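Notebook open, model loaded. I want to look at one strand and then step back to the whole chain.

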Amino acid sequence: MGTSARAPHIVGIGQSAYTRWGGIQDRSQFQITAEAIVAAARDAGLPVSAIDGLTSFSNDSNEGPVMQAALGIPELRWSAMVWGGGGGGSCGAVSLACAAIESGQAEVVVAYRGLCQGQGRRYGRAAPTRTHGNFIAPYGLFAPPQMLALMVQRFMHLYPITEDHLAEIALSFRANANRNPLAVMGDRTLTKEQYLASRWIAEPLRLYDCCLETDGAAAVLITTAERARDLVQQRVEVLASAHGSGAGWSTGPLGSQNMPNDTYASTNNRRLAKELFARAGLTPDDIDVAQIYDHFSGMVLMALEDFGFCGPGESGDFVAEGNIRHDGGKLPLNTSGGQLSEAYVHGVNLIIEGVRQLRGTSTAQVADARTCLVTGGLGVAPTSAILLGRN
Amino acid sequence: MALFPETMPRPEPDMDDAPFWEACAERQLRFQSCAVCGMLRHPPAPICGGCHSTETVWTAAPTEAEVFSFTVIHHASHPAVADDLPYVVGLVTFPGLPGVKLVTNITDIPPSEVRIGMPLTLWWDDIGDGMHLPRFRPA
């Protein structure tokens, strides 16, 4: 691991404050995104002028070349975005950065996302321009929780997955957020009774099964092993990165897709997961902690299976046994509170938490964590993931 | 009377899917398939992912379907559905026409009684201005 001089390492992380939806009204989304990029450079101990690559995803409106001009970056050598909406491309933006660094096309690349739903559109509301909207909107299928509820319902039909297992996701992530002062839900506890009493959004998903709607921006700075050696932070290697999609996904929005029936109740990551682990020379047993994209609780259960932490249909038992808890679990998950309870920055906050774990600076630190899986959005196209490691 | 009010979003046919909606207007459920290799595709797309022909035929669907998955929606993500909560969105398959799934509504049944695998039958909902939408009820 990390033997090549150009092996990509994350050496800087930066973020804005995270607030509830509409909480950032005094500064533009572009401004807080620029501030997060500057913060990532400062964290790395590099001048902003050293940045020569910018990547993002999800049709991010904070365009790279415009950002370059705003930040006074003298030379941009890499400017790229992963297709697809939502968080599917979050780790894909890191994989684009790694491609640039490993191939020698850029030296210092920042992957970022800025998202102020109070200034743009709310993801929980109907959007007129959704792809293939003709085939969903006239039937009242408008928003991601409704679309992915279809997949979770099928998953719960095929396997012994119950509301207790969905609750375990929501409750354990909230417990992690309660240790994290930066989390939007940092001071709000959640009990099983409150979970079960919460209102239905789209069955089988209740309010607390759904991610937050928040404002915020987050960025990670990636450079070569050679440069990382001279920098201030504990360097975190990107051992492997991948993004892509299986057959037939994207033939309709989210849960309405005409993908093959046997991949329907999945996260669209089975091939990707195998290739990701193989490329890093690791197996799921080697992973100390994971940050799994938690737009909706049930999708996290599916991901535990698709990434091989347990067998098909076994994720319910896996979480019921306490395996994902910070307190004694063998695979603590979403240790910052995740998108259910820290903030919804389309997954870049999960990448930042993965880096914190390997630096030893998480507020729910896993002792001597050396490997971390981070995934992008699940059940979408494309999906993406990275494996992070500390030598 | 239509399932949802007039303010509900309507299909806005485009170059790729217009024949689907022209058939719906005539109360015909027809899926696009490749004129060369016969592969079904939905939503409609301008080229066959199997053989890359752009020639298409429109294949009539059976009226019998079954529930592949469903969700009971309790939150109004659009104001048009505010008075119709909860309602059921289903993803249905056609035992007589394998290879295609359709998003629709499942009506005429208490939402708590909908089950995956349940047999359904097609009905046409007149949404005005000459358009009809395929919806389903228990067989």
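Which residue stands opposite Ala385(A) in β12(A)? I looked it up, and Thr375(A) stands there.

Ground rules before I go on. This is a predicted model, where local features need pLDDT of at least 70, side-chain atom pairs count only at pLDDT 80 or more, and totals for chains, interfaces and linings use all residues. Residues are numbered from 1 along each chain as its sequence is written, while chains are lettered from A and ligands numbered from 1 in the order in which they are written.

Strand pairing (at least two DSSP bridges between two strands): β11(A), residues 371-375, runs antiparallel to β12(A) with five bridges. I also checked β9(A), residues 236-244, which is antiparallel to β12(A) with seven bridges. There, Ala242(A) has Ala385(A) as its bridge partner.

Next I checked burial (buried means 20 or more other C-beta atoms within 10 Å of the residue's own, exposed 12 or fewer, partly exposed in between, with C-beta atoms placed from the backbone). In β12(A), residues 383-389, seven of seven residues are buried. Thr383(A), Ala385(A), Leu387(A) and Gly389(A) point one way, and Ser384(A), Ile386(A) and Leu388(A) the other. In a regular strand, side chains alternate between the two faces of the sheet.

Stepping back, I count 12 helices and 12 strands in chain A; these are DSSP runs (H or I, at least four residues; E, at least two), numbered from the N terminus. Of its 391 residues, 63% come out buried. I get a C-alpha trace spanning about 55 × 45 × 45 Å along the principal axes of chain A.
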